[in-house]
Amino acid sequence: MSISAQRVPVIVGVGDLKFTGAGPAQSAIEPLELVLRAVDAAIDDAGAHGLKHKLDAVHAVRTTSWNYDDLPSLLAERLGVTLTSRSTSTIGGHHPARLLDQVGRDIAEGLTTAALVVGGEAQASVRALMKAGVDPRESGWTTAPGGPPSFSPEDLGSAEMQRAGILAPVQIYPLFGNARAHSRGLTPEQALRESADMYSRFSAIAAEHPVAWSPVFRTPEDIGTVTSSNRPVSDCYPLSMNAMPFVDQAAAVLICSLATAREAGVAEDRMVYLWGGAGAVDNPDVLARSVFDDAPALRAAVQRALSRADVTSANLAFVDAYSCFPIVPELLADELGLAEGATPTVLGGHSFFGGPLSSYSLHAVAESTRLLRKNSGVALVHANGGYLTYQHVVLLSTTAHRDGYIGDPEPVDSSGTPVHAAHGYSGKATIETATVTYDRNGLPEQAFVVAATDDGARVAGRAGRVFAATLHDLVSGRNESAVGHRIDLVDNEGNLAVDRCM
């Protein structure tokens, strides 16, 4: 939207940090305290402490490691400010970008003067307390309102996903990874090498970041080779390619109108313009989607954001991809047409920077802001929620967009016609995608299979150790993708008996 220059949204302060004292119970930290430290850092970063008293909105990314009914109000009480707008998101890694976009629109429409977007996790502290046999409530963690985390059945996935037993990230993202590799003509070894090369470059970024949880450079061999310390989790992603959620990290971003920033005395070189972004959503039922080698919602969000801003990927100085598993940054790099060997991160990814669950991309916004203060250009921050389900990107720049704010926080629906699920099927089918997961001893434990019947219906489910070993031999022994192979199967409520793999 074309707006008054006075209502242009600008980021004026960012703060993010890690707490590394987790271990003994007395050195654990509550997420609320961690987020408060990030907020203080963001206010200090703006260099204009009077801005704190202009705050009228706080929006929080849902904390998963500890439950808060109303984290914004707890923060407002500690800060001594009165809010006219506050919200707490649901679980989902897309929310940092979505909330930032929402704040941008609120400022552009004159509904908000100054706002904080915050997020933080203390899963490392929770883990340390549990190992010490200490209930966090006994350590004084906030319980009113709030308390231990809880989950609803809906958090487990659709009815079809529950029936098939295909529910966990370590089961689902490899399905996309293997499908993409096959569609691009990559053997399993080539795909593994591509992912390991990219994640090695990610680790180099994390090694230089002061907030990174694992700031150590890893070679492609370190990342892609299965060892006792890098055990296989799925057939395409050993442990070092999986997100690391056991972290204590928090971030806060302070946004206000350009007029408010100038009135408060914020230096011009501290301001980064929030152009806005766009979002999209795919079918939350992964097993109803028509493709596994692509991400329609990701494409829609990126294309809408770039189109609204009238820029192309060639105009981007910095890109940060959500990176819980390699498939996500790989798909973003595909969509942006990034050169081979590109490194679409400013943080280092979930495996090395750390994976503070839903709030990861808020750290990317903080780091992009710092980078833009030192360099001119445009930055794109990508955020992913669900299983490539919810996508949002935002654009930041060192200069104002000619239209002021161009974002649209409301996602568009990019889901296509759902694929029909066949129950109780017995007969031949063609594998659309599949993956093997491994036990703690590195042995094939289960196979997860999505297959198409000859009449176009879909059969999905889990097979046991015998077929898992068959797929392991195919992928790891013969270096062949399972995609496209014909199988004979019998479906019994999502439990698949597979006789042959041809």
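Which residues does Ile166 touch, not counting residues up to four places away in sequence? Here is a quick walk through the model, with that answer under point 3.

1. **What you're looking at.** This is a predicted model, where local features need pLDDT of at least 70, side-chain atom pairs count only at pLDDT 80 or more, and totals for chains, interfaces and linings use all residues. Residues are numbered from 1 along each chain as its sequence is written, and side-chain values use heavy atoms, with hydrogens and water left out.

2. **Overall build.** The chain has 14 helices and 15 strands (DSSP runs numbered from the N terminus: H or I of at least four residues for helices, E of at least two for strands). Its radius of gyration is 23 Å, close to the 23 Å that the globule rule gives for 502 residues, so the chain is as compact as a globular protein of that length. That radius is taken over C-alpha atoms, and the rule is 2.2 Å times the number of residues to the power 0.38. Along the principal axes, the C-alpha trace spans about 70 × 55 × 40 Å.

3. **The main core.** Back to Ile166: its partners are Met161, Gln171, Ile172, Leu175, Leu287, Phe448, Val449, Val450, Ala460 and Gly461 (contact means heavy atoms within 4.5 Å). Ile166 is also among the residues touching the most other members of the largest nonpolar core, which has 130 residues. Such a core is a set of buried Ala, Val, Leu, Ile, Met, Phe, Trp, Tyr and Cys residues joined through side-chain atoms within 4.5 Å; buried means under 20% relative accessible area, exposed over 50%, partly exposed in between, with a 1.4 Å probe and protein chains only. Helix H1 (residues 31–46) supplies the largest share of this core, nine residues.

4. **A second core.** There's a separate core of 21 residues too, including Ala451, Phe467, Ile487 and Leu496. Across the chain, buried residues make up 59% of the 502.

5. **A pocket to look at.** The second largest pocket is lined by 35 residues, with Pro188, Leu192, Asp235, Cys236 and Val475 nearest its centre. On a 1 Å grid over the protein atoms alone, a pocket is an open set of points where a 1.4 Å probe fits, with protein on both sides within 12 Å along at least five of seven lines; lining residues have an atom within 4 Å of a point. Helix H7 gives the most to this lining, six residues.
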